[in-house]
Amino acid sequence: MVYIPHTDADREAMLEAIGVKGIDELFDCVPEQFRFPELDLPEPLTEMEAADELSKIADYNLSANLTTTFLGAGAYYHYIPSVVDHILRRGEFYTAYTPYQPEVSQGTLQAIFEYQSMICALTGMEASNASHYDGATSLAEAVIMALNVQRGRRKRIILSPDIHPHYRAVVRTYTQGMGLELIEDPAIADLESLKRALDANTALLAVQTPSFFGQVDDLMGLADEVHSVGALLCVVTNPISLGLFTAPGHLGADIVVGDGQPLGIPLSLGGPYLGFFATRKKYVRKMAGRLVGETVDTSGKRGYVLTLSTREQHIRRQRATSNICTNQGLMMLAAAVYLSTMGKRGLRQVAELCFHKAHYAAAQIDVLKGYSVVQRHERPFFNEFAVQCPRPVTEINEYLLDNWGIIGGYDLGRDYPQRKDQMLIAVTEMNTREEIDILATALAEVEHD
Amino acid sequence: MTEPLIYDLGAPGRFAVQMPEPDVPLTEMPALIVRDELNLPEVSEIDIVRHYTRLSSLNHSIDKGFYPLGSCTMKYNPRINEDMARLPGFAGIHPLQDEETIQGALFLTFVLQEWLKEIGGFAGVSLQPAAGAHGEFAGILMMRAYHLDRGDTKRTKILIPDSAHGTNPASTTMSGLEVLEIPSDERGNVDLKSLRAACDDTVVGLMITNPNTLGMFEEQIEEVVGLIQNCGGLVYGDGANMNALLGVARPGDMAFDVMHYNLHKTFGTPHGGGGPGSGPVGVSERLLPFLPGPIVETIQPGDTNDEGDLAETPHHRLVMPEKSIGRMTAFYGHFSIFVRAYTYIRMHGPEGMRRIAEHAVLNANYLQTLVSKIFPIPFGNRACMHEFVAEGKVKGSDVRALDVAKRLMDFGFHPPTNYFPLIVHEALMIEPTETESRQTLDRFAEALAQIAREAVQDPELLHTAPHCTPIARLDEVRAARDLVICSWGQSG
Ligand SMILES: Cc1ncc(COP(=O)(O)O)c(C=O)c1O
C-alpha cells in the first residue's frame, strides 16, 4: 500500500463515478479460472526493514572499495567524481522518460546533444547516437548497420578474435537468424591475416584496440584495405584510452563502438552500462537508435528534438534499422557529466595514469620467476596485459584473495584454450604503487608456495 | 532564456578535477599513436553543476507532475530503491569476480528470477535483456530456436495484431522472421476470423499484448491461444502492460510460452530520461533450455555441488541453459535495476502486488469516465484496464490530438502518448498509474475540459500551444533537413 494515495472515501467516490460496486467488478473481463491467483511471495517489509535486509545482502559481496583489484576484461574500476552522481540523482532527469515531447524535455535533449558532441570528439567521428545497451550490443548493431549499408547483398562479417569474447557472443546471438558467414577464427588475429580474410562478400571487419588483451594496434592503412573491397571498418575501443591514443575516426574507421562504463558508471555487476556508437555522417540514416538534432522554435529560439525518427521502430515498424526503444538515458548522462568534469586535461591525466601504472606493474611482474608478460616489448599496450603464470590462474587468484585480499586478473584460458594459465591484469588510476608492489610480492609467493 | 552549450561555457585551461601525480616511474609512450587534439569542454565544477541543474529545470518529470504517458507506466519511483542500488556492496562489484565473492548479488538475482516466475506464472526467467524490446528479441529468438531444435524448419512467420507496439514487428525482423499483421475487431480485440485464416504450419507464433494497447483485456484470450497452439505455434506476451495484471492474472496460467517484463514500468524502477530499463523474459517449461544466459541457479544444502560433494550451505552460481540462444548483453543484464525491483517487490508482498493493479485499473476507469464526457473514446463502452485511448477530436473544431497534447503542457501536465496505437486516429493514450491521487485525476480532467472548450472558442490558442513552456513548438522538418547533430555544426 506504500505508494498508493487512495483513502477509503476516494475509492468509494471513484467507484460510484464509474458506476460499479467494487474494484473486483472491473476485472470481470478476466476469465474466472485465472482471476486473482494467490501469489507465493514473502509478506511485505517496511522501508526500514527492507533497507536492513538489502544491506545484509550487500554485505555478502566483496566490493572493490574494500579490496585491491586488478580485474578488468571489459569493466573497469575508475574514480567517479562526486559531481556525477549528484547530477544523476536529480529527479528532473531520472524520473523523466524518452524526450518525445521536446517542449518539456529540453534538459534531456540538450544533454544528449552535448553527449553526441563529446563522443564525436573522442572517437573522431561525425555522428553519434544517444546510446545502446552496452558495448556488446553496440557492436551487434554495427554488424546490422553494415549489412544494411550493403542492402543485405554481402553476408560475410569478420570479427577479430581479439575482440572481447562476450561481445562476439552477443553478435552471435543477435545474428543467429540472419544467415551470415561470421568469421572469428582464433588463427587470424593479426592485422595481416585479417586483411587476407577480406573479400567481395565482406560487409564489415571489426577489430578492437586496445584489444581484449590490452594491446594497442596502429591501424594506419587498415581502413584503405577494407574500403578497397567495399566493406566497412568498425573499431571497438575503450573510451579512456582515447584520452591518449589517436581517435579511430582519424584513421578512417566507419564505425566506432565501445562501452562507456569507464566514464563515470559504477561496476554494478555488469550493468547498466553504456553502449556508445559513432559513425560517418553519410551512414547516419542507416544508424540505429535515438538521435538528437538542433533546430529552432516558432520564435526562432534554438532548441533540440529527436530527429530522423523514420529510421525507428515506432514509425518504420518491421523495416526499422533496429528494434531499440528504451536505451541507456541516465548512463549517457553520467558519461556526459564525467567527460565535462574530466575535460580535455583530466581525461588525458587519467589515461596517462592508467598507462604508466600498468607499465610499472608489467615491469615488476615480468621479472618474477615463473612469470612473463606476453609480448611485453613486441606490441604496445594501454592498461591491461596478459601474464603467463606458473600455475593455473584460479589457484593464484584464490591465493591472492585469501592471503592478501587482492582480486586478481581474468583467467584468459576460460575463452582461449591456447592461453591456458594466462592472467589478464588491469591497472587503473585507482591502483597505487604500493598495491602493485604487493601484487608482485604476492605473485612471487604463490610461485614458490 | 536558452542554456548555452557546455562547450561554450568554459575557457581554455579551466578544469574541474585534479588527479594525483603519478607515483610510479614514467614509461615512454608510443609516439606514433598518441593524439594531440581532444575537443572536450574546459569548465569548472560550478559551471557543471549550474549547467546541468539549469538543464534539469527544463524537463517535465514524474517528480514535477502528472505524467500519463500511455504504455509507459510512469508511476512514482521510490527513493529507497535509489539508495539500495548505490550500496557499495552492489555498486562496487565486478561482473567477473569469483562467484564466492558475489554470493549476495547472485542470491538477489536468483530470488528476483523466482519472484518474477511466480508473478507471471512461468517456469523460468532470465534477467539478461536490457529493455522491453530486447526481451522481445530474446523471446522471438527462443521461439525460433524451439522449432528448429525440433527439426521444424518451415516456420517463418510471426503473427502480430495491428494494435501492437512498433518494437514487436521490428524485433521480428531482427530475428530473421516475417511479420503477418492481424487486424483488430470492432471491440478492440484480435479479430478471430483473420487470426484463424492466418494459422498454419508456417507460423512460429503470435505476439500479443494483453491488456492490449487500447487498454483492453483480450476477451477471447483462450480462443486466441487455442488457435495458435492448434497450428503448432507459440504465444509471446508483450508484458509492457503487466501493471494491470499483478496479482490479477498470470499470463503463464493462460498458456503463454514467453513474456517480457519491464522492470522500468511495472516494478517502479526509474525511466532515467530514456533508460536504462530492464526486460527480463519468463518462459514455459518447453522453452526453458533456450533461455538467454547466464542465469543464476541455486544449489541447496544436500544437493551435489561443483566438486561433486554434498553442499552444506546454499550456494548460487551462474549457468548457461542447455540450448541457450546465447548472451543478450556482455554480462548479466542491468543488475542495479534488479536491486531496485527487488526492493520494490519486497516492500509490497503478495497483497501489495494486487493492490497496485487494482488501483491502476481503478484510476484508469475513473479517469476514463471523466474523459468520456469530453472526448470520444472509440472502445470506451467497456471497462478498461490500466489505460485507455481517447480521440483528440472536438466537434466543431479543427484541432488535432497534437494540439491537445501541446496545450496540456501549459497546465503543468505531460501529454499522453499520441498517435499510438495506430488503429485509433488522433490517439491520446492515457495511463494514470496507481500512484496518482483522485485530486490529480480531477485536475487533469478539468484541464482537458477547458482545452475542449478552447478548441471551439479559440482554436488558434491550441494550434500555437504550448505557451508556458521553456520553448515553443520546434521545427522538426528543419532538424531532419539540416541535421546539426554535434556542437560544431553541420561540418561534423
Ligand atoms: C507495448 C510496448 N511494447 C514494447 C515496448 C518496448 O519496451 P522498451 O522501451 O523497454 O524497449 C514498449 C515501450 O514503450 C511498449 O509500450
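Q: What volume does the largest cavity have?
A: In this predicted model, the largest cavity has a volume of about 170 Å³. A search of the whole structure finds 12 cavities of 30 Å³ or more.

Q: Which residues lie nearest the centre of the largest cavity?
A: They are G74(A), Y76(A), Q208(A), T237(A) and N238(A), out of 16 residues that line the largest cavity. By class, that lining consists of eight nonpolar, six polar and two charged residues.

Q: And which domains does the lining of the largest cavity draw on?
A: Domain 1 (68–79 + 344–448) and domain 2 (82–338) of chain A each supply at least three residues to the lining.

Q: How much space lies in the second largest cavity?
A: The second largest cavity holds about 110 Å³. It is lined by 14 residues, and T209(A), V216(A), D217(A), F245(A) and T246(A) are the closest to its centre. The lining divides into nine nonpolar, four polar and one charged residues.

Q: What about the bond from G275(B) to P276(B), cis or trans?
A: The bond from G275(B) to P276(B) is cis, with omega near 0 degrees. P276(B) is placed in the loop between α9 (263–266) and β7 (281–283) of chain B.

Q: New topic: aromatics. How many aromatic pairs are found over all chains?
A: The search of the whole structure gives 20 aromatic pairs. One of them joins F66(B) and F413(B) in an edge-to-face arrangement, 6.1 Å centre to centre with 85 degrees between the planes. This pair links distant parts of the chain, 347 residues apart. F66(B) is in the loop between α1 (45–56) and α2 (79–85) of chain B, while F413(B) is in the loop between α11 (401–409) and β11 (417–418) of chain B.

Q: Are F66(B) and F413(B) buried or exposed?
A: Both F66(B) and F413(B) are buried.

Q: Which residues form an aromatic cluster in chain A?
A: F212(A), F213(A), Y410(A) and Y416(A) form one aromatic cluster.

Q: Which residue lies over the face of F36(A)?
A: R354(B) does, at 3.7 Å from the ring centre. F36(A) sits in the loop between α1 (8–18) and α2 (47–59) of chain A, and its phi is positive, near 55 degrees, although F36(A) is a residue other than glycine.

Q: Why does F36(A) count as buried?
A: F36(A) counts as buried because its relative accessibility is 19%, and the cut-off for buried is under 20%.

Q: What about A73(A), buried or exposed?
A: A73(A) is buried, with a relative accessible area of 0%. A73(A) also has a positive phi, about 55 degrees, without being a glycine. Its place is in the loop between β1 (68–69) and α3 (82–88) of chain A.

Q: And chain A overall: how many helices and strands?
A: Chain A has 13 helices and 15 strands. Of its 449 residues, 67% count as buried. The C-alpha trace of chain A spans about 80 × 55 × 50 Å along its principal axes.

Q: Last one: how is chain B divided?
A: Chain B has domain 1 (6–56), domain 2 (81–346) and domain 3 (355–469). The centres of domain 1 and domain 3 of chain B, taken over C-alpha atoms, are 47 Å apart.

Conventions
Residues numbered from 1 in each chain as written. Chains lettered and ligands numbered in written order. Predicted model: local features only at pLDDT ≥ 70, side-chain atom pairs only at ≥ 80, totals over all residues. Heavy atoms only, no water. Phe/Tyr/Trp six-rings, centres within 6.5 Å; stacked < 30°, edge-to-face > 60°. Helix = DSSP H or I, 4+ residues; strand = E, 2+ residues; numbered from the N terminus. Buried < 20%, exposed > 50% of the residue type's maximum accessible area, 1.4 Å probe, protein only. Lys NZ or Arg CZ within 6 Å of the ring centre and 35° of its normal. 1 Å grid on protein atoms, 1.4 Å probe; cavity = no way out; pocket = protein on both sides within 12 Å on 5 of 7 lines; lining within 4 Å. Points joined across faces, edges and corners; volume = space filled by probe spheres on them. Nonpolar A, V, L, I, M, F, W, Y, C, P; charged D, E, K, R; others polar. Domains from an automatic or database assignment.
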